[in-house]
Protein chains: 2
Amino acid sequence: MSSLPDAVEALITELTRLPGIGRKTAQRLAFHLLKSRSEAPRRLAHVLERVASDVTFCPRCNNLSERGELCTICSAPRRNESIVCVVETPTDVLAIERTGRFDGSYHVLGGSINPLEGVGPEDLALDSLFARIDDGGIRELILASSATLEGDTTALFIARQVQGRDLKVTRLARGIPMGGDLEFSDEHTISRAIQARTDFEG
Amino acid sequence: MSSLPDAVEALITELTRLPGIGRKTAQRLAFHLLKSRSEAPRRLAHVLERVASDVTFCPRCNNLSERGELCTICSAPRRNESIVCVVETPTDVLAIERTGRFDGSYHVLGGSINPLEGVGPEDLALDSLFARIDDGGIRELILASSATLEGDTTALFIARQVQGRDLKVTRLARGIPMGGDLEFSDEHTISRAIQARTDFEG
């Protein structure tokens, strides 16, 4: 028998569903929330309810948005809508936006093709991507899916589907990451970096 | 400008208030919750609301309980109520219960005396502990506060307050932890273990 009230047990169980949160961490989080009695749990419950009711997907690019509206990027003025960067998740959009070096628009697939986990092309936001291309105005598609087998498969699938169209299709460069030590880079990364070597700019 | 909806930003901010959760982890958790659209956020919100409204403190021992009732331990039959184990937090109760080697009752202080953080004896559930002792029937008080400066201070404070009463006052044994390597034990632990050495039982 646990010495904890059922409600606390239920909270701990729910927290362990989160990625990287085991039973011990969940317990620590639950007790932290309980320290303030009802205040902290209620505040977190409130923002979760708000997320559950307000957050939707952008009808154009499938990024996160609110109440069915266009996302903050699609509704921003002065973004280059002729370049579309295709990514797997909204987190990828955040990562690219943090660089401040991309002013195009995005298309969020919602994952990558992964037959082992039963994720096929039909599970991704591909129809809406092809519809955007059909609407015209897109000159370049940057396939920024992950540098994994699944990401590559997804990129290949999209590249084949848009073959023959008047569309430049690119992929993010592969190579040694900034600050990356050659000694600790895997052989695939190194061989890609050798193949894709660039002229030295002194 | 963030590319995230306000509701998601609010959720991430709220999650970073939790111990050990930085911005990146909070983002990962928020996106995980959003994967299922509204289902997962709503389920977590629900258990948080339940915790906020139902969880109270046991009127006898100050452990967590529900709706103002006695906690599961105080209301359990066949617990030895003449031995009270005084701990800092409900997590400590869990830790001791897990051993299955203690059938006495508890008293949860809700922290330890820590002048640097402004926690004095008046902030702990000490009045209710002394009231329990006044009520009679308690033969032994196990001071199981942490083996830290604050825990020791708290234990000393309680021991002094109950001095002169017909009450056995004990403290958890200190020593090398099970599986503990002498090489990696600090000198305080080792010197306590030497002082408190016990007869060899072959």
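Colleague: How much area is buried between chain B and chain A?

Modeller: In this predicted model, about 5,000 Å² is buried between the two chains, and carbon and sulfur atoms give 71% of that area. On the side of chain B, Ser3(B), Leu48(B) and Leu94(B) lose the most area to chain A, together 12% of what that side buries. As for contacts, 51 residues of chain A are in contact with 52 residues of chain B.

Colleague: Which residues have the most contacts inside the largest nonpolar core?

Modeller: They are Leu11(A) and Leu11(B), in a core of 47 residues. Helices H1 (6–16), H2 (23–35) and H3 (39–54) of chain A, together with helices H1 (6–16), H2 (23–35) and H3 (39–54) of chain B, each supply at least two residues of this core.

Colleague: What is Leu11(A) in contact with, leaving aside its neighbours within four places in sequence?

Modeller: Leu11(A) is in contact with Ala30(A) and Leu33(A) in chain A, and with Leu44(B), Val47(B), Leu48(B) and Val51(B) in chain B. Leu48(B) was also named above among the residues of chain B that lose the most area to chain A.

Colleague: Is Glu14(A) buried or exposed?

Modeller: The cut-off for a buried residue is under 20% relative accessible area. Glu14(A) has a relative accessible area of 9%, and therefore counts as buried. Its place is in helix H1 of chain A. Not counting residues up to four places away in sequence, Glu14(A) touches Arg43(B), Leu44(B) and Val47(B).

Colleague: In what order do the four strands of the open sheet in chain A stand?

Modeller: As a general idea, strands of a sheet pair through backbone hydrogen bonds, either parallel or antiparallel. Here the order is S4-S3-S5-S6, and the pairing is parallel. Strand S4 (104–108) and strand S6 (168–171) of chain A stand at the edges, each with a single partner strand, so one side of each has no neighbour in the sheet. On average, and with direction ignored, neighbouring strands of this sheet are turned by 25° against each other.

Colleague: How many bridges join S3 and S5 of chain A?

Modeller: Strand S3 (residues 80–87) and strand S5 (residues 140–143) of chain A pair in the parallel sense over four bridges. Ile83(A) stands opposite Glu140(A) in S5(A), and Val86(A) has Leu143(A) as its bridge partner. S5(A) and S6(A) likewise pair in the parallel sense over four bridges, with Thr170(A) in S6(A) as the bridge partner of Ile142(A).

Colleague: Which residues of S5(A) are buried on its two faces?

Modeller: Glu140(A) and Ile142(A) are buried on one side, and Leu141(A) and Leu143(A) on the other, so that both faces of S5(A) are covered.

Colleague: Which helix lies across S3 and S4 of chain A?

Modeller: That is helix H4 (residues 90–99) of chain A, which runs at about 160° to S4(A).

Colleague: What is the phi of Asn62(A), and what is that of Arg67(A)?

Modeller: Most residues other than glycine have a negative phi. Asn62(A) has a positive phi, near 70°, and the phi of Arg67(A) is also positive, near 50°. Asn62(A) is found in the loop between strand S1 (55–57) and strand S2 (64–66) of chain A, and is buried at 18% relative accessible area. Arg67(A) lies in the loop between S2 and S3 of chain A and counts as exposed, with 52% relative accessibility.

Key
Residues are numbered from 1 along each chain as its sequence is written. Chains are lettered from A and ligands numbered from 1 in the order in which they are written. This is a predicted model: local features need pLDDT of at least 70, side-chain atom pairs count only at pLDDT 80 or more; totals for chains, interfaces and linings use all residues. Side-chain values use heavy atoms; hydrogens and water are left out. Two strands pair if DSSP finds at least two bridges between them. Axes are lines fitted to C-alpha atoms, for helices over the stretch in contact, and angles run from 0 to 180 degrees between N-to-C directions. Contact means heavy atoms within 4.5 Å. A nonpolar core is a set of buried Ala, Val, Leu, Ile, Met, Phe, Trp, Tyr and Cys residues joined through side-chain atoms within 4.5 Å. Buried means under 20% relative accessible area, exposed over 50%, partly exposed in between (1.4 Å probe, protein chains only). Buried area is the accessible area (1.4 Å probe) that two parts lose on being put together, summed over both.
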